[in-house]
Amino acid sequence: MFPKLKLSNCLILLLGSIIQAMGIYNIHALSNVTEGGIFGLTLLIQHWFRISPAISSLVLNLACYLLGWRTLGREFIGYSLLSVCFYSASYGVCELFPPLWPQIGAYPLLASVLGALFIGIGAGLCVRAGGATSGDDALAMSFHHLFRWPVERIYLVSDLVVLVLSLSYIPVRRIAYSLLTVILSGQIIGLIQKLPAKK
């Protein structure tokens, strides 16, 4: 039986998913300052195989959610599947328009900070609402649930793996900016998760 999902949480998931899609499309996809985890992996796949992140993110995320089904519970999976669909649809809509900042690649430090804000705030909102836009969010939440490791540390490890793979198409200097992005975005997600809940 599918869990009952709160409308307020669904709206927060929608907002978080839109923010993340805008960040990936308008900043990371243009600047060679990449994200880690599934988002970075979708950009790697786009570069080498020309498969849109709107498609690859859906496939990779669904695979991660299937792996974490038992640990995360039905409600988390319900919210996460919804946020994955919101993200894919949002990215697909973004692709219909020209990028907002086509010259962002010339400013890698700005791209890394702005990208971290978009991803950190968007993912943080989704996690806060009880779901996750990305499969690595789901895996991080699973590890946090099972082992009580800090979420931001789990993100950092998974992000580093993707960044090492991204050296196959991104110069080392840009990977340094990417590392800044993943550290900042992970910290922002952790901060938003720790905000006190409304009573």
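Which backbone oxygen does the side chain of Ser83 reach? The side chain of Ser83 reaches the backbone oxygen of Ser80, at 2.9 Å.

## About the model

This is a predicted model, in which local features need pLDDT of at least 70 and side-chain atom pairs count only at pLDDT 80 or more, while totals for chains, interfaces and linings use all residues. Residues are numbered from 1 along each chain as its sequence is written, and side-chain values use heavy atoms, with hydrogens and water left out.

## Two buried serines

Ser83 has its place in helix α5, residues 74–94, where helices are DSSP runs of H or I with at least four residues, numbered from the N terminus. With a relative accessibility of 0%, Ser83 counts as buried; on this scale, buried means under 20% relative accessible area, exposed means over 50%, and partly exposed lies in between, with a 1.4 Å probe and protein chains only. If residues up to four places away in sequence are not counted, Ser83 touches Leu13, Ser17, Cys126, Ala132 and Thr133, contact being defined as heavy atoms within 4.5 Å.

Ser31 is found in helix α1, which covers residues 7–31, and Ser31 counts as buried because its relative accessibility is 1%. The side chain of Ser31 reaches the backbone oxygen of Ile27 at 2.8 Å. Leaving aside neighbours within four places in sequence, Ser31 is in contact with Ile104, Gly105, Ala111 and Arg174.

## Trp48 and its surroundings

Trp48 belongs to helix α2, residues 37–49, and at 46% relative accessibility Trp48 counts as partly exposed. When residues up to four places away in sequence are not counted, Trp48 touches Ser168 and Tyr169. The side chain of Trp48 also makes a polar contact with the side chain of Ser168, at 3.1 Å; a polar contact is a pair of N or O atoms within 3.5 Å, where within protein one must be able to donate a hydrogen and the other to accept it, and where residues adjacent in sequence count only if both atoms are side-chain atoms. From C-alpha to C-alpha, Trp48 and Leu62 are 21 Å apart in space, and they are 14 residues apart in sequence.

## Exposed residues outside the helices

Arg50 lies in the loop between α2 and α3, the latter being residues 53–67, and Arg50 is exposed, with a relative accessible area of 66%. Although Arg50 is not a glycine, it has a positive phi of about 60 degrees. Arg148 lies in the loop between α7 (135–147) and α8, and at 58% relative accessibility Arg148 counts as exposed. Arg148 is not a glycine either, and has a positive phi of about 60 degrees.

Lys6 lies in the segment before α1 and, at 56% relative accessibility, counts as exposed. The C-alpha atoms of Lys6 and Leu163 are separated by 36 Å, and these residues are 157 apart along the chain.

## How the helices pack

Two packed helices are described by the angle between their axes and the distance between the axes. Here the axes are lines fitted to C-alpha atoms, for helices over the stretch in contact, and the angles run from 0 to 180 degrees between N-to-C directions. Angles under 35 degrees count as roughly parallel, over 145 as roughly antiparallel, 65 to 115 as roughly perpendicular and the rest as oblique. The axes of helix α8 (residues 151–166) and helix α9 (residues 172–194) come within 9 Å and cross at roughly 160 degrees, and therefore α8 and α9 are roughly antiparallel to each other. By class, the contact of α8 with α9 has ten nonpolar, six polar and three charged residues, where Ala, Val, Leu, Ile, Met, Phe, Trp, Tyr, Cys and Pro count as nonpolar, Asp, Glu, Lys and Arg as charged, and the others, Gly among them, as polar.

The axes of helix α6 (residues 108–128) and α9 come within 7 Å and cross at roughly 30 degrees, so α6 and α9 are roughly parallel to each other. In the contact of α6 with α9 there are 16 nonpolar, seven polar and three charged residues. Helices α7 and α8 pack at an angle of about 130 degrees, with their axes 9 Å apart, which makes α7 oblique to α8. Among the residues that make this contact are Asp136 and Phe143 of α7 and Tyr155 of α8.
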